[in-house]
Amino acid sequence: MTSTETAGQQPDNSSASAFTQAANDRDAAPQFVLPLVARIEKADPPARTDALETAARAVLVLLSDERSAGDGAWAAAVRDWQDARIRKVVRRARGAEWRRAGALPGITVTGARAEVRVFPPVPLDGWPKELARLQVSGTELDDPEPPGAPAPDRPVLWLNPGLEMSAGKEMAQAGHAAHLAWWELSGAERAAWRAAGFPLSVRSAAAAEWETLTRSGLPVVQDAGFTEIAPGSCTVVADHPALRSALPPTG
């Protein structure tokens, strides 16, 4: 599903008008999209949480790839994409569709059983035909058993428990949250996360804790509202240990 990150945590030294201007500037810039394709075989689909976590890691793998930086082959596209709305679109493929998608430049990231291939950003209206023909809707996945509690030292992307989203939409939202966390980390913190293989968990927050999370100072994804949910909805909070440790004390 299509999903667009509209804002992370507003810097303390920026005014609301400056923040709005930045958002308007993003709208005026040429629009790009980051394609993600999930392998969803009819007879053996992945578990939902596995797919969400794999999609989030796929975004981080692309952002940290040397082709996305400096004079790398994907660097210009990544810069143009991040200068505009940070659109991510998740499509599904199986069989021959998956094999055709795998022939295009990109990176396949695997989870426990999930497979997600991420591609360098493309113009919003310039999708390769091998990807444009893939289905967006119908990416419905379930967890055979409720996921366990996340490890205490692992980054967690907390989903809004009050929103109902398709699996594809949640995959894009989890990718946004990982992206916002990446932006907030120092170079050393990024390197350490990458060296560890980008461990992370995606979980639904407890209803009683959601408001506290959104007000904590951690990065928050606000959706643009193009599909499924209302504009401005807070969808995911990126709770990375390095970011949480940097928050001012409360109480």
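Colleague: Which residue in strand 8 is the bridge partner of Val 156?

Modeller: Strands of a sheet pair through backbone hydrogen bonds, either parallel or antiparallel. Here, Val 156 has Ser 201 as its bridge partner in strand 8. Strand 7, residues 156–159, pairs with strand 8 in the parallel sense over 4 bridges; two strands pair if DSSP finds at least two bridges between them. Helices (H or I, at least four residues) and strands (E, at least two) are DSSP runs, numbered from the N terminus.

Colleague: Before we go on, what kind of model is this?

Modeller: This is a predicted model, in which local features need pLDDT of at least 70 and side-chain atom pairs count only at pLDDT 80 or more, while totals for chains, interfaces and linings use all residues. Residues are numbered from 1 along each chain as its sequence is written, and side-chain values use heavy atoms, leaving out hydrogens and water.

Colleague: In what order do the strands of the open sheet come?

Modeller: Its 4 strands follow the order 8-7-10-9, with mixed pairing. Strand 8 (201–204) and strand 9 (220–222) are at the edges with a single partner strand each, so one side of each has no neighbour in the sheet. On average, neighbouring strands of this sheet are turned by 20° against each other, direction ignored. Axes are lines fitted to C-alpha atoms, for helices over the stretch in contact, and angles run from 0 to 180 degrees between N-to-C directions.

Colleague: Which strands does helix 6 lie across?

Modeller: Helix 6 (residues 167–184) lies across strand 7, strand 8, strand 9 and strand 10 (234–239), at about 45° to strand 10. Helix 8 (residues 207–214) also packs on the sheet, touching strand 7, strand 9 and strand 10, and its direction makes about 75° with that of strand 10. Contact means heavy atoms within 4.5 Å.

Colleague: Where does Ser 166 lie?

Modeller: Ser 166 is in the loop between strand 7 and helix 6. Buried means under 20% relative accessible area, exposed over 50%, and partly exposed in between (1.4 Å probe, protein chains only). Ser 166 has 11% relative accessibility, so it counts as buried. A polar atom of its side chain lies 3.2 Å from the backbone nitrogen of Lys 169.

Colleague: And Pro 146: does it count as buried or exposed?

Modeller: Pro 146 counts as exposed, because its relative accessibility is 74%. Its place is the loop between helix 5 (129–132) and strand 7. Its C-alpha atom is 9.8 Å from that of Arg 203, although the two residues are 57 residues apart along the chain.

Notes:
Polar contact = N/O pair within 3.5 Å; in protein donor to acceptor, adjacent residues only side chain to side chain.
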